[in-house]
Amino acid sequence: MKSLRKLLVAAIVTAMVLGTVGSAFAAVRAPNMVFTDIEGHPRASYILRTAALGIFAGYPVEDGKFEYRPDQVVSRAEFAAVVVRILGRSDAARIMAGTPTQFPDVPTTHWASGYINVSTALGIIRGYPDGTFDPNGQVTMAEGITMIIRAMGYSPMAEATASWPTGEILTASSMPTDKTNVSILVSQFVAADGCNRADVAEMVYKALPVLFLTGKDANNQWTYSDETLMKKVGGQKIASEIVKYTVQDGKTWLIIPSESDPVEIAADAILVGAENFADLNERKVTFIKKADKIIFAELLPDTTLVRGDYTAFTSPNKVTVNGAVYEFAATYTLRRNSSTMTEMADVFLPLSQEDFFKLTPKPAATLILDAAGKVTVMDIFVFNVEGMISNKITQFIDDKIVNSIVVGATTYEITSGASIVRNGQTATFADLKLGDQVKVALDGDGKVVAVDAINVVVEGYVTQASYDMASGMGMIMLDADKAIYMPTVGSATYERWEQIFGSDLLLQGAKDTTVPTTISSLTVASVRLGDRMEVTLDRNGRAFAMKAWERTVMGNVTAKSTTANKLTIDGTEYSVVTVGGDVFSFDGKLWSAEVFLSAVPVGTPVKVALNQAGAIRTAAVPVLLGEVIGTIDTTAKTITVKGSVGDQNVTYSLTDDFKVMEGGVQVSVGNVTDGMTVRLTFANNKVSVVTLAGTEYVTIENKRVYIEGGVIVQDIVLSDGRTVVVNNVTAYTLNGEGFDTVTDGFNAMAIKDAAVITYDVQGKAVGIDLFRAVPGKIATIGAEVVLNGTTLLPIQVVHPTSEWPISGWDGRATGFTVWVQVDGTGATALTRNGRTVGSTALRPDDMITFAWKATATPDNPRLNTLVAKNLPLDGTVVGKTVTFENGTMVTMLQINDGTDVIDVPVAANAIVIKDGVPSTVENINVGDKIKCNFGDDQAPVGKADYFEVTTP
């Protein structure tokens, strides 16, 4: 069976579930594990799916291969271990291993003693009438079913149905999920046999989506929770869907219609039915998600994808797409713009069928055909919008990637499962380009569900241009051999870069760095011979959009003549065109050529665009950089900088409200000193801002990635609302550690990170040092000291392990000192075991997480928050309360740990060991000595799920 050649499973196998002695503690997955003995097995799919979830693993054989041994019979102890694992209670089993059980034939040394103790405490195991458990006995179907339905609370239903095992078997034959009822009985089981590993894999997998039974309501009707075994093992079963495959940031993803965001494929994911994940593109796939990643995917066979114009529907069961007629299967799914429709007539609403097929542009169809070539899914896309993409935007919104396109002046968000076709080929958002002519289908929320894009571009130099008044037809000739027609006046957009953008073109440079604004009033008559043209053709091969630009020159003004209208740049003299409007920029505004020539100082850098004759048609002065001569003259309000040509200095006037900025913060004029390099920003022919290099301390509130003018922009939003572009950052550090690449540093940045940003003289962020809440353990606590006028408590922190990958202010790899501010405004926020405390409550050996203040420095490393916990909790029970919430009993213990009295809520099904033997919460009394543990997801306090109690 070729589909089972690549069965990838992850994590090192330290022992095998349902294997040899001691095996049931770990059902982890092994790297590159290949089950050599399940090809062609009727339950191979169940085996692989449970392996992907980490419920089962295999037995290592030679050459790094593994056997699953599907026909090996399972013992009662092994089955008990499986049930404990799918309930997510393996940690409890480890703790209870080696403690006495209630069964005389299960000694404390038995490998499954912990699992059997947990199963007993949870009421899953009751043993035989003679008090034994028979751990090595074969599991029958009835026994296996009984253990599973007890684990999910179905014993009352089974007992109310019939006596054992009939009640259990009947209950297992129809159990509710969130969609329908399922049977967890094994389809190919022989009653005389014991359950084998393949049987158990099928039984467990079928049970994963079943809802837990909670009891009966006031009307004596059974009630269910939304808890499932699938959730217990951390997975989520997703229904079979048509997916798309994509690669982003070096990772592989599936775009799934029912998911709001692309789902990453885990590196150790199991793939069935295909050679690689790229083969899943545009195919129907069943998959399982865990920890927000795809861990299992199976390509469903015999599915075919058809795309094209939807031209007819023949009642009752045929559709015509691209001239071909397709018959519907017995059952099928209808969608319109990706929204499910009930009836075929709904597809045409709000139009009649006749009017529907007259739509322009034509509706498009995507069909999924089964093995017989019949339609199982039909999605009709009615295009609501037609135009040109003028911008693409990618943003992080609520930590999610949101892609949008701008068509005309409107921004449309693209759904993650949108159908995108470009020039007739399946495409992705990344493939869409500025200037693409598109048809767009929107769903009921106004979001894009389909894009049909075309972008055929012809480039060259204009050698001929003509316009026929009678026919309204324009024509240009590119490179003497490419004839391009513009259908009618105004039907194509014509964009002259220098006329549309003025200084923007000159400041930003290449034509692809600025998004044009459509100016449809210009016609082909505006084309000039020698222009470089880029023409986008429509679906009929005629001009849809045209862009023209000219040759540019950059340099320094070495001379000028206002009378002869001449400008000399780096020794070369150019004539200046003085007609054609205000397209000369000096101070952020456009001027006429005469004003520009008068205002621009000799020694100033400029960028100019030349026409075919070599004359300057547009010019602009970018933001100036210069070396200060002396200091700012606050009386005359002038600043002098060293000229960029020779030793000639240039003096510029300052506006009345000019500012000096350093590191994003306004500073004193006195910070500008002789010889310093500064950036000058102009307004109304005067300098309005003088910018110095510097640093600022901030808190990051958001980070974004988007496309602006064809350029990917990365920026961050600060706590005061300011936005800082970080494209120029060349180095990132996190808590003192650097990154291999700038991309790694930007990706590592998180919301609420404290940061120190370094700016260059152009006001660009060039370096970012991040500081994040990090874990540690208190080694020693020193005496309070006063540092820079603030009372601080020095705490020596050590890393939890020697491999902890980040270092502190002093750069050591295993320990450093942090400072807790104990007085004054902005003192460190402290909690310990869930309670707000003062610094005196902290203890050595407390496990902590902490975050630096945004204003922290190596000389003043103050903390913003510190959360401490000292678990497991050890103390004396001083109080106990029992309440009922929504019909559920809730127990709360008050435990004195010698420092404070802590309220400890008790988790449902908590395990209690009292005086060395399994017990219940009801047997915990005031005065008992007690130790308790908390689930990892309950820190710092939450609900305790394990208690060791000693009677005083």
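1. A salt bridge here is a side-chain nitrogen of Lys or Arg within 4 Å of a carboxyl oxygen of Asp or Glu. The whole structure holds 17 salt bridges.

2. This is a predicted model: local features need pLDDT of at least 70, side-chain atom pairs count only at pLDDT 80 or more, and totals for chains, interfaces and linings use all residues. Residues are numbered from 1 along each chain as its sequence is written, and side-chain values use heavy atoms, with hydrogens and water left out.

3. Take Glu264 and Lys293. Their side chains form a salt bridge, at 3.9 Å from N to O. The pair links distant parts of the chain, 29 residues apart: Glu264 is in strand 9 and Lys293 in strand 11 (residues 293-299). Strand 9 covers residues 263-272. Strands (E, at least two residues) are DSSP runs, numbered from the N terminus.

4. Is Glu264 buried or exposed? Glu264 is buried, because its relative accessible area is 14%. Buried means under 20% relative accessible area, exposed over 50%, partly exposed in between (1.4 Å probe, protein chains only). Lys293, at 32%, is partly exposed.

5. Glu264 also has contacts (heavy atoms within 4.5 Å). Beyond its neighbours within four places in sequence, Glu264 touches Lys251, Thr252, Trp253, Asp292, Lys293 and Ile294.

6. Asp928 and Lys914 form another salt bridge, with their closest N and O atoms 3.2 Å apart. Asp928 lies in the loop between strand 61 (917-919) and strand 62 (929-934), while Lys914 is in strand 60 (residues 901-914). Asp928 is buried at 3%. Lys914 is buried at 13%.

7. Salt bridges also join Arg43, Asp199, Glu202 and Lys206 in a network.

Definitions and conventions. Helices (H or I, at least four residues) and strands (E, at least two) are DSSP runs, numbered from the N terminus.
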